[in-house]
Amino acid sequence: MDAFLREAIREAEQGAREGGIPIGSVLVIGGKIVGRGRNRRVQDGSAIRHAEMDCLENAGRLTAAQYAKAILYSTLSPCDMCSGAALLYKIPKIVVGENSTFQGPESYVRSRGVDLTIVDDPDCIRMMRQFIANRPALWNEDIGEVGCG
């Protein structure tokens with residue numbers, strides 16, 4: 001497994017230990033992690049702190065030249081909001097752990113020139129399936145769905 005995806009999984013696992021949603025992300029430039037994050041909506045009482053948003057925030061202010069060399073790793077397919085942030089900063093590559101439990105606007109992201117790679121990692125799939133089965137109301141809240149709870 002890719003070492004950077006493994007780090008994103010570690011972030012997701014930490015988020016789960018904190019009582020949050022197990023989604024993690026890292027931002028890599030030049031082979032080094034410059035930002036890491038996890039879904040912190042529960043922990044921070046936030047409307048927008050998805051893993052990718054937390055990761056970008058934790059990376060701090062970067063230049064357009066730095067973003068142009070970046071790779072964003074996420075354990076789950078980025079939603080519309082997180083995909084939009086990646087597009088805004090022109091991040092050229094996104095590596096996704098899995099998209100079987102949730103699929104963001106992948107076709108649109110690709111149409112904008114982003115190299116989007118889906119890994120289908122079994123750890124990412126297991127983690128999300130277990131979370132969704134155990135906490136469906138929180139999951140639906142996170143993805144903006146009206147559902148249980």
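In H5, the residues Cys82, Ser83, Ala85, Ala86 and Leu87 are buried; buried means under 20% relative accessible area, exposed over 50%, and partly exposed in between, with a 1.4 Å probe and protein chains only. Helices (H or I, at least four residues) and strands (E, at least two) are DSSP runs, numbered from the N terminus. The model is predicted: local features need pLDDT of at least 70 and side-chain atom pairs count only at pLDDT 80 or more, while totals for chains, interfaces and linings use all residues. Residues are numbered from 1 along each chain as its sequence is written, and side-chain values use heavy atoms, with hydrogens and water left out.

The cover over the buried residues of H5 includes H3, S3, S4 and helix H6 (106–111). Here contact means heavy atoms within 4.5 Å. After H5 comes Lys90, which has a positive phi, near 55°.

The largest nonpolar core has 18 residues. A nonpolar core is a set of buried Ala, Val, Leu, Ile, Met, Phe, Trp, Tyr and Cys residues joined through side-chain atoms within 4.5 Å. The members that touch the most others are Leu27, Leu56, Leu62, Tyr67, Leu72, Ile91 and Ile94. Two or more residues of this core come from each of strand S1 (24–29), helix H3 (51–59), strand S3 (70–74), helix H5 (80–88) and strand S4 (93–96). Leaving aside residues up to four places away in sequence, Ile91 touches Leu27, Leu56, Tyr67, Ala70, Leu72, Ala86 and Val114.

Three aromatic pairs occur in the structure. Rings of Phe, Tyr and Trp (its six-membered ring) pair if their centres lie within 6.5 Å; planes under 30 degrees apart count as stacked, over 60 as edge-to-face and the rest as tilted. Phe4 and Tyr73 form a tilted pair, with 5.6 Å from centre to centre and 50° between the planes. Phe4 belongs to helix H1 (residues 3–17) and Tyr73 to strand S3, so this pair ties together parts 69 residues apart in sequence. The rings of Tyr67 and Tyr89 are stacked, because their centres are 4.6 Å apart and their planes at 25°. Tyr67 is in helix H4 (residues 64–67) and Tyr89 in the loop between H5 and S4, so parts 22 residues apart in sequence are tied together.

| Residue | Relative accessible area | Class |
|---|---|---|
| Phe4 | 22% | partly exposed |
| Tyr73 | 5% | buried |
| Tyr67 | 6% | buried |
| Tyr89 | 37% | partly exposed |
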